[in-house]
Amino acid sequence: MKERFIFNTVGLFTRDNKATVDFYTKTFGFTTDWDGIQPNVEMTLGDMRIILFLRDAFEQMVARKFQYPEGFNGTVELAFDVPTYADVDKEYQHALANGAASVLPPTTEPWGQRTCYVADPDGNLIEIGSFTE
């Protein structure tokens, strides 16, 4: 049976595409052929795809205003798995060095996961975690 939908992309509405592209390419290794001008950006990392669109350009396109969260956006998270607990700590520091804001430093949870949370330039939450010591 053919699937009705294939979920393949997360879209983020940004204040500043350049800052967000710089963050995701430097922090996680996403690649893009974005020209630096268009309001629409496509970035890939393996089979993952993130698209970015400038908030004001999107509002103009749909002729509607939206309210965007200020500070940290607790509505959704992007989750990245890394091989080991030590990698969680290393990638947390790497994210901070590339402009992420700390939300939760690396912590080993009772369910056996080492996890941390940071926020990207638009306040979107990012989890970096591992279940392997």
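Helices and strands here are DSSP runs, numbered from the N terminus, a strand having at least two residues. With that convention, I turn to the structure itself, which is a predicted model.

I begin with leucine 12. Leucine 12 sits in strand β1, which covers residues 10-14. Is leucine 12 buried or exposed? Its relative accessibility is 7%, and because buried means under 20%, leucine 12 counts as buried. Which residues does leucine 12 contact, once neighbours within four places in sequence are set aside? They are Tyr24, Ile50, Ile51, Leu52, Phe53, Leu78, Asp120 and Asn124. As for leucine 104, 92 residues away along the chain, its C-alpha atom is separated from that of leucine 12 by 22 Å.

I now move to the sheet. There is an open sheet of 4 strands, in the order β5-β8-β7-β6, and its pairing is mixed. The edge strands, each pairing on one side only, are β5 (73-81) and β6 (101-108). From one strand to the next, the twist averages 20 degrees. Strand β6 is joined by 5 bridges to β7 (residues 114-119), and the two run antiparallel. Within this pair, threonine 107 has threonine 115 of β7 as its bridge partner.

Helix α3, residues 85-97, lies across β6, β7 and β8. Relative to β7, helix α3 runs at about 10 degrees.

Terms used
Residues are numbered from 1 along each chain as its sequence is written. This is a predicted model: local features need pLDDT of at least 70, side-chain atom pairs count only at pLDDT 80 or more; totals for chains, interfaces and linings use all residues. Side-chain values use heavy atoms; hydrogens and water are left out. Buried means under 20% relative accessible area, exposed over 50%, partly exposed in between (1.4 Å probe, protein chains only). Contact means heavy atoms within 4.5 Å. Two strands pair if DSSP finds at least two bridges between them. Axes are lines fitted to C-alpha atoms, for helices over the stretch in contact, and angles run from 0 to 180 degrees between N-to-C directions.
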